[in-house]
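Subject: Structure handover

Hello,

I am passing a structure on to you, with notes on what was found in it. Please look at the sequence and the model before reading the notes.

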Amino acid sequence: QVQLVESGGELVQAGGSLRLSCAASGRTLSTYNRAWFRQAPGQDREFVAAISWTGGAFYYGDSVKGRLTISRDNAKNTIYLQMNSLKPEDTAIYYCAASKSYWGTRGPGYDYWGQGTQVTVSS
């Protein structure tokens with residue numbers, strides 16, 4: 001069974017930085033596309049970023065482009081989300097996802113999901 005576990009979320013001040021991690025276990029995901037989504041209270045799940053299994057293609061949501069960067073380390077079976085210049089509106093639970101066959105920005109396309117990690121940005 002594939003398991004994804006996010007970590008790194010915490011309370012930070014506006015303008016600060018965080019680095020989220022998502023470690024996979026149960027299967028090597030080196031050939032899986034990987035993605036980050038987020039969900040704020042009372043809001044729909046929002047696409048954040050995606051990285052192809054080759055590591056050579058990316059998608060970024062318009063709201064995070066230029067501030068957040070997705071990366072992967074296949075040796076560690078882990079993806080990362082470097083978050084800079086954080087804003088209060090970045091406050092959300094951040095989820096990582098994976099799919100062997102889907103490449104895109106739609107949540108239902110992804111097969112595996114983590115439990116989420118809370119990011120809170122204070123104003």
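This is a predicted model: local features need pLDDT of at least 70, side-chain atom pairs count only at pLDDT 80 or more; totals for chains, interfaces and linings use all residues.

Residues are numbered from 1 along each chain as its sequence is written, and side-chain values use heavy atoms, with hydrogens and water left out.

Disulfide. The structure holds 1 disulfide (a pair of cysteine sulfur atoms within 2.5 Å). C22 and C96 form it, with their sulfur atoms 1.8 Å apart. C22 lies in strand β3 (residues 18–25) and C96 in strand β9 (residues 92–99), so the bond ties together parts that are 74 residues apart in sequence. Strands here are DSSP runs of E, at least two residues long, numbered from the N terminus. C22 is buried at 0% relative accessibility, and C96 is buried with a relative accessible area of 0%. Buried means under 20% relative accessible area, exposed over 50%, and partly exposed in between (1.4 Å probe, protein chains only).

Cores. A nonpolar core is a set of buried Ala, Val, Leu, Ile, Met, Phe, Trp, Tyr and Cys residues joined through side-chain atoms within 4.5 Å. The largest has 27 residues, and L4, W36, V48, L81, M83 and Y94 have the most contacts inside it. Two or more of its residues come from each of β3, β5 (46–51), β7 (68–73), β8 (78–83), β9 and β11 (117–122). Apart from it lies another core, of 6 residues, among them A35, F47, A50 and Y110.

Strand β11. T117 lies in this strand and is buried, with a relative accessible area of 10%. A polar atom of the T117 side chain lies 3.1 Å from the backbone nitrogen of G9.

Salt bridges. There are 4 salt bridges (a side-chain nitrogen of Lys or Arg within 4 Å of a carboxyl oxygen of Asp or Glu). One joins the side chains of R38 and E46 at 2.8 Å, N to O. R38 is buried at 5% relative accessibility, whereas E46 is partly exposed at 30%. K65 pairs with D62, the closest N and O atoms being 3.7 Å apart; K65 is exposed at 51%, and D62 is exposed at 71%. R67 forms a salt bridge with D90, with the closest N and O atoms 2.7 Å apart. Both R67 and D90 are buried. Salt bridges that share partners join R38, E46, R67 and D90 into one network.

Regards

Conventions: Helices (H or I, at least four residues) and strands (E, at least two) are DSSP runs, numbered from the N terminus. A polar contact is a pair of N or O atoms within 3.5 Å; within protein, one must be able to donate a hydrogen and the other to accept it, and residues adjacent in sequence count only if both atoms are side-chain atoms.
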